[in-house]
Amino acid sequence: QNEEKWDFVLVSDIHEMGSEKEIKRKRFLDELSKKGFTIKKIEDTKLFYGVRAPQHIFLKYQCLLRKPNSKLQNHSAPQGIPVTTRIQIVHHILQNTVTPDLEKLRDLKKKKVFEAAFPLHEKEEVKEFLKDNWARWRGVFSKQPIEAIRCYFGEKVALYFAWLGWYTYLLGFAALAGVVTFVAGITLFSSSQVSREICEANTTIMCPLCDQKCPFWVLSDTCTYAKVTHMIDNEATVVFAMFMAIWATVFLELWKRQRATVITNWDLYGWDEEEEELAMELINNLQHKPQPYQHSYFQSTFVLLLVLLMIVLLIGIAHALVIYRVIATALFTQSGFELLREQADTMAVMTGAVLHYVTIVVMTKVNRRVALFLCKLEKPRTFSQKERNFTIKIFTFQFFTNFSSLIYIAFFLGRINGRPGHYVRIAGRWRLEECHPSGCITDLFIQMAVIMVLKQTISNVMEYLVPWISHKLRKRHKRPKKRSMMLGEEEEAEDPCKKQWLKNYELNEVNIFSLFNEFLEMVIQYSFTTIFVAAFPLAPLLAFFNNIFEIHLDAIKMVRLHRRMVPRKANDIGIWLQVLEAIGILAVIGNGLVIAITSDFIPVQVYKYMYSPCVRENRTDVDCSTGYINHSLSIFRIRDFEPYTDVPEMLPDFVRDEVKEYRDYRNADDYTYTVQFWHIFAARLAFLILFEHVALCVKLIAAWYIPDVPQTVKNDILNRKYEDLHNELWWVMPQNVP
């Protein structure tokens with residue numbers, strides 16, 4: 001059986017004898033033969049070359065690292081080397097074998113000499129176990145077999161699924177808290193004093209929402225919207241935002257403990273990635289010299305400037321979305337459809353959110369190319385360094401792609417648009433959009449809901465359907481050709497390897513960033529779940545349900561639809577941990593700003609404790625927020641409209657010269673800010689500083705209180721060190737010296 005175990009399969013088109021491609025292919029295979037590789041050729045519609053490494057290569061690996069994986073024994077692995085390590089070593093040698101023309105496999109694939117190179121999905125016991133118990137939809141709620149995943153796909157993939165499982169488990173608690181917050185908001189749906197005042201304000205005439213064709217309107221028209229706003233924007237949201245800041249820290253601290261336990265069981269706690277990479281290089285080429293560490297300030301500055309340029313471009317796209325919403329609002333208000341006219345703002349926000357999702361999809365591809373180009377400029381020393389550099393850049397670009405528009409809605413929308421009679425305009429024509437009269441937080445809620453629902457549903461459907469359809473098409477494309485070959489060359493069809501190699505070739509291709517893509521998707525989702533969660537308490541619930549399916553979607557892709565991923569050794573999730581910690585800090589800042597600036601929480605509290613009947617008249621028989629809405633409106637004289645504003649016809653019962661109202665804190669005579677505005681501004685600033693300092697202090701206390709490494713793991717490592725030193729000493733004791 002061992003003779004038919006192949007480490008890798010190379011696939012090539014059938015080239016003409018004596019052609020340049022055929023010569024290059026032969027030279028590469030000759031180099032492998034010189035290194036002692038066994039090569040088997042099978043011809044079908046393509047040429048398949050099975051390669052198997054000689055045993056001395058794996059003995060070198062064991063001798064160099066002096067830590068054979070004693071804990072991970074696999075029946076398919078001769079001499080105690082796990083299959084995953086075998087594949088990793090062979091992959092490194094294949095990628096770094098140089099032909100006499102100084103070309104590597106990567107160059108030959110670019111020149112179409114080879115089409116593909118992949119390790120095989122074998123019919124091993126572990127594979128069948130994963131296929132039957134993990135990579136199935138019926139196993140959605142079952143525990144993940146992390147040890148089996150590690151045996152088949154290696155430590156890096158196993159750690160990804162361990163992290164994703166742990167994140168999803170703790171997300172359940174955040175989802176529960178979010179649902180409680182949302183339900184608490186629903187109970188306030190009709191009982192909120194603020195929304196009740198809006199619903200009863202049927203004599204409060206408001207300024208038109210656009211320049212042409214927009215009438216004066218009655219504040220009570222926004223009754224339902226006001227109820228929805230105060231369902232999201234209430235005291236429970238503040239508590240939930242603080243809870244999520246603490247949750248983000250506790251999640252990471254508990255993950256560090258979980259990771260320490262897992263890698264100690266795998267005997268990888270003290271594993272050194274650099275030592276592993278050097279060992280691989282020496283096994284491939286004994287003359288290899290390590291590439292020294294280098295740093296160029298000029299190069300770093302140049303790359304930094306290009307990154308800043310890209311960020312400016314991404315912010316520019318967010319501005320383009322703002323301009324779209326401004327123009328869309330103007331067009332919708334002039335529409336012939338009454339519903340579209342009345343809901344112009346909401347329609348502009350919703351279509352803007354869909355357009356934002358489309359820009360996210362497009363810019364994700366652009367960001368990837370730019371990040372790879374910048375990584376090439378940096379000339380990283382090793383693949384691990386390249387991966388770290390790429391991760392930081394792509395996450396930065398993706399963050400601005402996903403969040404620029406949300407940041408604008410949360411913190412700028414309705415605050416830089418001027419006032420009636422003096423609006424800020426784009427190109428001197430279209431006035432900047434305003435928040436809904438009930439507040440800006442509902443606009444943020446709609447944007448978050450649309451993006452999260454679209455991103456998670458469409459992305460997951462595409463993530464599953466594209467490889468599934470691609471796999472089915474490849475199989476259908478191959479079958480008729482394979483049958484004709486079988487009729488013509490029956491003896492070749494009998495080769496037991498041919499069927500297996502063809503079956504693996506028909507699967508979808510994987511690349512070095514396949515796992516990276518899964519991590520990036522989850523980290524962006526984590527950002528949505530934490531950074532603006534104060535505006536969308538249901539974000540953790542959506543993420544929780546998404547992740548339950550994501551785990552098994554990824555499992556099905558890896559086991560059933562994709563070629564076998566090249567295993568990689570790892571003892572943590574790498575740079576992603578620092579990215580997650582940075583998101584945790586951004587979450588504190590983001591939620592603090594949402595409550596202080598976007599929400600009406602602070603203005604209501606200032607009114608309650610400074611201007612309400614409870615304070616002014618010392619009354620205890622009324623709700624302290626009584627009169628808040630009237631207090632938050634400012635007066636505008638119709639004669640002060642800008643010349644090119646079409647003043648709409650009056651409603652009956654109202655005189656043309658009467659004053660109308662708008663949401664702001666301005667004086668009636670000269671439209672300057674009132675004292676109340678500065679009181680609220682100071683309160684917002686004080687709350688922001690207090691919230692962020694308290695939240696960050698709680699995060700630091702939580703990080704200190706929960707040790708990164710459990711005591712059991714520390715004691716286990718201590719005992720191992722003691723035993724190793726004790727054994728070393730025993731060998732040099734006088735009674736053991738002849």
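**Close-up 1. Helix 14 and helix 15 are roughly antiparallel to each other.** In this predicted model, helix 14 and helix 15 pack at an angle of about 155°. Angles over 145 degrees count as roughly antiparallel, which is why this pair gets that description. The axes of the two helices are 9 Å apart, and helix 14 passes helix 15 in a right-handed crossing. What kinds of residues make up the contact of helix 14 with helix 15? They divide into ten nonpolar, nine polar and four charged.

**Close-up 2. Helix 7 and helix 20 form another roughly antiparallel pair.** Look here for helix 7, which covers residues 155-187. Helix 7 packs with helix 20 at an angle of about 160°, and their axes are 7 Å apart. The crossing of helix 7 with helix 20 is left-handed, whereas that of helix 14 with helix 15 is right-handed.

**Close-up 3. The largest cavity has a volume of about 70 Å³.** A search of the whole structure turns up four cavities of 30 Å³ or more, and this view shows the largest one. Which helices each supply at least two residues of its lining? They are helix 12 (297-333), helix 14 (344-378) and helix 15 (383-411). So you meet the pair from the opening view again, since helix 14 and helix 15 are the ones described as roughly antiparallel. Residues to look for in the lining include Leu314, Ile317, His356, Met363, Phe400 and Ser404. By class, the lining has six nonpolar and five polar residues, and no charged ones.

**Close-up 4. The second largest pocket holds about 1,200 Å³ of space.** Helix 14, helix 16 (441-488), helix 19 (514-530) and helix 20 (539-561) each give two or more residues to its lining. Helix 16 gives the most, with ten residues.

Close-up 5. How far apart are the end C-alpha atoms of residues 681-706? They lie 37 Å apart, and the span is 96% helix and 0% strand. For residues 523-549, the end C-alpha atoms are 16 Å apart, with the chain 70% helix and 0% strand.

Note on methods. Residues numbered from 1 in each chain as written. Predicted model: local features only at pLDDT ≥ 70, side-chain atom pairs only at ≥ 80, totals over all residues. Heavy atoms only, no water. Helix = DSSP H or I, 4+ residues; strand = E, 2+ residues; numbered from the N terminus. 1 Å grid on protein atoms, 1.4 Å probe; cavity = no way out; pocket = protein on both sides within 12 Å on 5 of 7 lines; lining within 4 Å. Points joined across faces, edges and corners; volume = space filled by probe spheres on them. Nonpolar A, V, L, I, M, F, W, Y, C, P; charged D, E, K, R; others polar. Axes fitted to C-alpha atoms, helices over the stretch in contact; angles between N-to-C directions. Parallel < 35°, antiparallel > 145°, perpendicular 65-115°, else oblique. Left-handed = near helix turned anticlockwise from the far one by under 90°.
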